[in-house]
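Subject: Handover of a structure for your review

Dear colleague,

Please find the sequence and the structure below. A summary of what was found follows them.

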Amino acid sequence: KSGFVSLIGRPNVGKSTLMNHLIGQKIAITSDKPQTTRNRIQTVYTDDRGQIVFLDTPGIHKSKNKLGDYMVNVAEHTLKEVDVILWLVEPTTYIGAGEQHIIEKLKQVKTPVILIINKIDTVEKNEILKFIDAYRKVLNFAEIIPVSALKDINTDEVLHVLFKYL
Ligand code: GDP
Ligand code: MG
């Protein structure tokens with residue numbers, strides 16, 4: 001199996017930390033070099049199940065100028081072309097304007113979206129169900145996976161689920 005996965009989410013939600021833990025298990029290639037103007041290949045993960053190319057997809061936000069518009073168009077185009085979208089969020093039931101904007105974009109694509117609720121080590125277990133319920137209402141996610149990238153809790157499940165959709 002192989003495929004492309006777009007990793008989206010606000011700065012500081014833990015995208016880099018998650019990547020480090022995923023590839024830490026079995027490292028193949030990591031690259032920060034620009035591959036095309038459209039996508040930045042962040043990481044290529046390989047194991048005996050197959051290969052996953054993770055793409056950094058910046059600019060899923062409201063733009064303020066023409067360059068911003070271009071970046072947003074590029075990012076939105078990427079969302080249509082990948083096999084799976086991974087959306088990382090922090091454990092908060094607050095779904096603000098930034099999240100709403102992403103939700104509207106995600107509604108426009110047929111690509112399966114997996115929601116990763118990261119940093120679950122910072123909240124009580126019973127709180128996690130509230131976050132899942134809050135997010136479940138706003139979009140039809142293929143899967144919702146609570147993890148702690150930092151403490152490496154449930155990160156194996158992310159790979160397991162990704163391979164299911166490739
Ligand atoms: P990015 O901007 O989305 O790439 O976020 P980073 O991976 O750089 O993480 C931002 C901050 O959140 C760093 O200080 C991380 O150590 C912290 N962080 C990431 N994942 C977790 C987590 O699961 N739990 C906790 N408590 N902190 C985390
Ligand atoms: Mg980062």
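How many helices and strands make up the secondary structure of the protein? There are five helices and seven strands, where helices (H or I, at least four residues) and strands (E, at least two) are DSSP runs numbered from the N terminus. Along the sequence, these elements follow the order β-α-β-β-β-α-β-α-β-α-β-α.

Two notes on conventions apply. This is a predicted model, in which local features need pLDDT of at least 70 and side-chain atom pairs count only at pLDDT 80 or more, while totals for chains, interfaces and linings use all residues. Residues are numbered from 1 along each chain as its sequence is written, and chains are lettered from A and ligands numbered from 1 in the order in which they are written.

Confidence
The pLDDT, which is the predictor's confidence in each residue from 0 to 100, averages 84 over the protein, and 86% of the residues score at least 70. Strand E7 (residues 143-146) has the highest confidence, at a mean of 98, and strand E2 (residues 29-30) the lowest, at 45. The pLDDT is below 50 over residues 26-38, a stretch that has 14 contacts in the model beyond near neighbours in sequence; two residues are in contact if their C-beta atoms, placed from the backbone, lie within 7 Å. Where pLDDT is low, the predicted coordinates should not be read in detail. For the complex, the predictor gives an ipTM of 0.99 and a pTM of 0.88.

Core and burial
Of the 166 residues in the protein, 31% are buried. A residue is buried if 20 or more other C-beta atoms lie within 10 Å of its own, exposed if 12 or fewer, and partly exposed in between. The largest nonpolar core has 35 residues, and those with the most contacts inside it are Val5, Ile85, Leu86, Trp87, Leu115 and Ile116. Strand E5 (residues 84-89) contributes the largest share of this core, six residues. Such a core is a set of buried Ala, Val, Leu, Ile, Met, Phe, Trp, Tyr and Cys residues joined through C-beta atoms within 7 Å. Leaving aside neighbours within four places in sequence, Leu115 is in contact with Trp87, Val89, Tyr135, Phe141 and Ile144.

In helix H5 (residues 155-165), the buried residues are Thr155, Val158 and Leu162. They lie on the same side of H5 because they cover an arc of only 40° around the axis, the arc being that of the directions from the helix axis to the C-beta atoms.

Ligand site
Ligand 1 is surrounded by 15 residues, the closest being Gly14, Lys15, Ser16, Thr17 and Leu150; a residue is near a molecule if its C-beta atom, placed from the backbone, lies within 6 Å of it. The shell divides into four nonpolar, eight polar and three charged residues. Here Ala, Val, Leu, Ile, Met, Phe, Trp, Tyr, Cys and Pro count as nonpolar, Asp, Glu, Lys and Arg as charged, and the others, Gly among them, as polar.

Loops
Glu90 lies in the loop between E5 and helix H3 (97-107) and counts as partly exposed because it has 17 C-beta neighbours inside 10 Å. Asp152 is found in the loop between E7 and H5 and has a positive phi of about 60° although it is not a glycine. Asn154 is also in the loop between E7 and H5, with a positive phi of about 70°.

Yours sincerely
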